[in-house]
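Dear colleague,

I am handing over the structure we spoke about, and I would be grateful if you looked it through alongside the notes that follow.

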Amino acid sequence: MNFQSEAVSSIPPYLFSKINQRKKELIEHGMDVIDLGIGAPDLPTPPHIVDKLKEEMEDPLNFKYSPYGGCSEFREAVATFYEREFSVRLDSEKEVLTLIGSKEGIGHLLPAVMNPGDHFLVPDPGYPVYESASVLARIKTIPFPLKEENRFVLDFNDIPVEKANQAKAMILNYPGNPTSATVTLEFFQRAADFAEKYDLLLIHDSAYNMITFKDYEAPSLLQADINRERVVEFGSLSKSYCMTGWRIGYAVGSQAALNSLCVIKSNLDTSQFLPIQKAAAYALSGDQSFMKEYNTIFENRMLIMYNALQEAGIEASKPNGSIFLWCKVPLRLTSKEFAEQLLEQTGVIITPGSAFGLQGEGFFRVSLSSGEDRLQEAAKRIANFIRTPIRRDLI
Ligand SMILES: Cc1ncc(COP(=O)(O)O)c(C=O)c1O
């Protein structure tokens, strides 16, 4: 019996699954493993948000189905958030949709706005879900390169005209995973002009929008001068509010695209549990002071790791935001070999760049999701590792 569809079997193998298996074995053998592969913040959800959830859990009316597009409290809170952070006005009923995490939204938007065989411009390196969600929806991806010489910011000239003409939609992601590249509003204006020129739906994944350092503030695509019907921006409370397991995010922008997305959602998931939506509404509109404190923690971790890697002779881009460092593989190994050897010999897990696309080869991603002591220890082990001879027998 074959219970695997062609679509599922053609999803590219997850490069990291082998490493995860090995992690388990090494821990069982008593190794002290430091996991810098996880792309999720380790800090707790701020207590006032947890308290709000508890309060909402006391109301039995909250145990009913949510409206398909999400409850008005959450949608209004997203609109308030956009007005406060970006001076962008949104119609909360028509231009905001609740999501069960932005991954769900990305996965459902693609078949909602495109047909099988349509072409979709995606970043390389990029968040792997852009590719796998496209495979599931039978949409053909056209990867566009994010180059080191451009600090991993897209140069629109790198997209051939015939590819741009072929595409129906394009997705961007800044602050970026895995590269942690950031952009200015001027970049989004160029993106908007490109989308107008080639008649594209322009999607922006802003999962890390509030995790920024020093004076840098990540812009919203909706601040650009563009017909809003051409734009969808995804956001998430997972990273900025440390709410990964809560599964709550939002899509804003094009009414037509959000309506299509809502048709899929109303037939498949009926939105998120109301107490979660209401606590998330409180997160977006309530006290934001923790965010500065959390961002300082991530920035300090980033500086510790960045400086330690520099000292060890590993090149990395110094980010203005996100929870990642994107580094160059220092040895004559593929990124996968480097990740595997590093784990075997030191117990440190990083993510090989090739997990994010062809252009990711030669790089690796370090997640700042561990405390300063563990990062320092990991950096020490990495430095020792690159000084020791390579054991190819372990590859
Ligand atoms: C770039 C990017 N987009 C979207 C997501 C999905 O986040 P969530 O579904 O938790 O909102 C992630 C999670 O790792 C991510 O890195």
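How far is a nitrogen atom of the ligand from an N or O atom in the side chain of Asp205? In this model, which is a predicted one, the separation between that ligand nitrogen and the Asp205 side-chain atom comes to 2.6 Å. The protein covers 92% of the 400 Å² of accessible area that the ligand has on its own.

As for the surroundings, the ligand has 14 residues around it, of which the closest are Asp205, Tyr208, Ser236, Ser238 and Lys239.

A search covering the whole structure returns zero disulfides. Cys71, for its part, is in no disulfide, and the nearest cysteine sulfur, which belongs to Cys262, is 13 Å away, whereas a disulfide would require the two sulfur atoms to be within 2.5 Å. Cys71 is buried, with a relative accessible area of 3%, and Cys242 is buried as well, its relative accessible area being 6%; both assignments rest on the cut-off for buried residues, which is under 20%.

Conventions
Residues numbered from 1 in each chain as written. Predicted model: local features only at pLDDT ≥ 70, side-chain atom pairs only at ≥ 80, totals over all residues. Heavy atoms only, no water. Buried < 20%, exposed > 50% of the residue type's maximum accessible area, 1.4 Å probe, protein only. Near = heavy atom within 4 Å. Polar contact = N/O pair within 3.5 Å; in protein donor to acceptor, adjacent residues only side chain to side chain. Areas by Shrake-Rupley, 256 points an atom, 1.4 Å probe, with all protein chains shown as cover.
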